[in-house]
Amino acid sequence: MRIIIRYFFRALRLVLTPFMLLSEKLSTPKGVTRSAEQQASVDEASKSLALYQFKACPFCIKVRKEIARLGLNIETRDAQHDPQHRAALEAGGGQVKVPCLKIRQEDGSEQWLYESDDIKAWLQERFEPGVESRA
């Protein structure tokens, strides 16, 4: 019985994935507009960030939409299909759970931030236009 349930959910995921990705494509907001200097500063601050994600994970989609809305250039790393990224996520963050934002600090240390709402709040605090940024 357990195997039937497992295959049912795998099949369901295969059927729903294209719809989830299409929905993301159609509903992703336009990025905020910044001056060239401001965008260059944001791009420089974004270089120290990497998002570990699964392509069809709804929580990852939520974070990617926020990244697009804020106009950020954050590297996305596929922890589902790339064994190197999966291993790095497990070694650095301690668990294979997505979404996870890897934040490289100025002193070289790393912070691993899990939970989509926490990631969104962290990004908004640092990159939301009109809000004093600490980036």
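Predicted model: local features only at pLDDT ≥ 70, side-chain atom pairs only at ≥ 80, totals over all residues.
Okay, let's start with the helices. H3 covers residues 58-69 and H5 covers residues 116-127. Their axes come within 9 Å of each other and cross at roughly 10 degrees. The cut-off for roughly parallel is under 35 degrees, so H3 counts as roughly parallel to H5.

Who's touching whom? On the H3 side you've got Phe59, Lys62, Val63, Glu66, Ile67 and Arg69. Facing them from H5 are Ser116, Asp117, Ile119, Lys120, Leu123 and Gln124. If you sort that contact by class, it's five nonpolar, two polar and five charged residues.

Next up, the strands. S3, residues 100-104, and S4, residues 110-114, run antiparallel, with five bridges joining them.

How many disulfides does the structure hold? Cys60 isn't in one; its nearest cysteine sulfur belongs to Cys57, 3.3 Å away. The cut-off for a disulfide is within 2.5 Å. And is Cys60 buried or exposed? Its relative accessibility is 0%, so Cys60 counts as buried.

Cys100 is in no disulfide either, and for that residue the nearest cysteine sulfur is the one on Cys60, 9.9 Å away. Cys100 also counts as buried, because its relative accessibility is 0%.

Notes:
Residues numbered from 1 in each chain as written. Heavy atoms only, no water. Axes fitted to C-alpha atoms, helices over the stretch in contact; angles between N-to-C directions. Helix = DSSP H or I, 4+ residues; strand = E, 2+ residues; numbered from the N terminus. Parallel < 35°, antiparallel > 145°, perpendicular 65-115°, else oblique. Contact = heavy atoms within 4.5 Å. Nonpolar A, V, L, I, M, F, W, Y, C, P; charged D, E, K, R; others polar. Pairing = 2+ DSSP bridges. Buried < 20%, exposed > 50% of the residue type's maximum accessible area, 1.4 Å probe, protein only.
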